[in-house]
Amino acid sequence: MIKSPICDMLKIKYPIFQGGMAWIADGKLAAAVSNGGGLGIISAMNAGADYLKGQIDIARSLTDKPFGVNIMLMSPYADEVAEIVVSERVPVVTTGAGNPSKYMQSWLEAGITVIPVVASVAMAKRVERSGAAAVIAEGEESGGHIGELTTMAIVPQVCDAVSIPVIAAGGIADGRGVAASFMLGAAGVQLGTRFLVAKECSVHQNYKEMVLKANDISTVVTGKRFGWNTCRSIKNNFTRNFSKEEYAPDATAEKIALLGVGALRLAAVEGDKQNGCFLAGQISGLVNKEQTAAEIIKEIFDEAEALLKGANSWVK
Ligand code: TUI
């Protein structure tokens, strides 16, 4: 059995988080992952307090296990959802796409375990100083909003820089990724793309099909030119048009910002394969079947355990 300090810290069976995917990670998916022994996470995404409260109620109706909420710090509603996690006594909060420092004191006073996603050593050190219980070091293999370092590069460097546990994220889809993460010094993993095709995930079936059909070179990064919204998603008409507009001579940050508006909803809710933005990680090519969240977790950890037990065959 694989155990790490993260299991005791969060009272979970397996040291695995489900990523807080905007428009995808709802109360139903989070509850399924938590019931499967991992940490399910509800995305507060770009929605207000009422949406989040509703999803927390759904999760609580489906599980008595701990779950988390992910707060996307670029959301215009970040302030109000930051209060809801306190009033709702959510046990774990993860943050993404920014610096969570301004909320840390109120979350810590409420007894919340805060685990920010970081994309650099500097940010990992900063959040450790402000009271984070652990950090998620996310590489650019991830789907969605990404930094500039790969998982292979960021995880060991963050492990060396902080003394809190590190969760590896980005490019992990199976037991090999979990075993490798432990070798890099991580105490757990976070997976998004593999949970996107979970049977309990309510995302549009076309989104699941895009991931299931994807191969190693199916994703592309857009939004690098203006710097604030670098995202990995599955290549389609939307990404081709975005790249063309982004590098057009008359492109401006304001014009490009408008291109992405509504595209995540079009993908996740409408299943619009042409105009939607299908955020997904580089390991989409490894994700080939729909399973329940519990099956996904068990399969991954059985494989990781076998690999780690056999690892000494390399040592003579
Ligand atoms: O947040 C993510 N992935 C996401 S958020 C998202 S929703 C979205 N909607 C519209 C536009 C853009 C995004 C889709 N995918 N992952 C966690 C993550 N956080 N990756 C990178 C970071 C990060 C980046 C910079 C964390 C901290 C940070 O700090 C910068 C600074 O110095 O403030």
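How many residues of domain 1 are in contact with how many residues of domain 2? Hi everyone, let's start there: twelve residues of domain 1 touch eleven of domain 2, where contact means heavy atoms within 4.5 Å. The domain assignment of the chain gives domain 1 as 5-200 and domain 2 as 219-279, with bounds that come from an automatic or database assignment. Their C-alpha centres lie 24 Å apart.

A quick word on the source. This is a predicted model, in which local features need pLDDT of at least 70 and side-chain atom pairs count only at pLDDT 80 or more, while totals for chains, interfaces and linings use all residues. Residues are numbered from 1 along each chain as its sequence is written, and side-chain values use heavy atoms, with hydrogens and water left out.

Now the sheet. Eight strands form an open, parallel sheet, in the order β1-β9-β8-β6-β5-β4-β3-β2. Helices (H or I, at least four residues) and strands (E, at least two) are DSSP runs numbered from the N terminus, and two strands pair if DSSP finds at least two bridges between them. β1 (16-18) and β2 (40-43) are at the edges with a single partner strand each, so one side of each has no neighbour in the sheet. On average, neighbouring strands are turned by 25° against each other, direction ignored; axes are lines fitted to C-alpha atoms, for helices over the stretch in contact, and angles run from 0 to 180 degrees between N-to-C directions.

At the β2 end, β2 pairs with β3 (67-72) over four bridges, and G40 has F67 as its bridge partner. Helix α5 (101-109) packs on the sheet, touching β3, β4 (92-96) and β5 (113-118), and its direction makes about 150° with that of β5.

What about the inside? A nonpolar core is a set of buried Ala, Val, Leu, Ile, Met, Phe, Trp, Tyr and Cys residues joined through side-chain atoms within 4.5 Å; buried means under 20% relative accessible area, exposed over 50%, partly exposed in between (1.4 Å probe, protein chains only). The largest core has 85 residues, and W107 and Y207 touch the most other members. Helix α14 (293-310) gives the most to this core, six residues, and each domain supplies at least three.

Finally, Q55 in helix α3 (49-62). Q55 is buried, at 12% relative accessible area. Beyond its neighbours within four places in sequence, Q55 is in contact with D26, G27 and I42. A polar atom of the Q55 side chain lies 2.8 Å from the backbone nitrogen of G27. Thanks, everyone!

How values were computed
A polar contact is a pair of N or O atoms within 3.5 Å; within protein, one must be able to donate a hydrogen and the other to accept it, and residues adjacent in sequence count only if both atoms are side-chain atoms.
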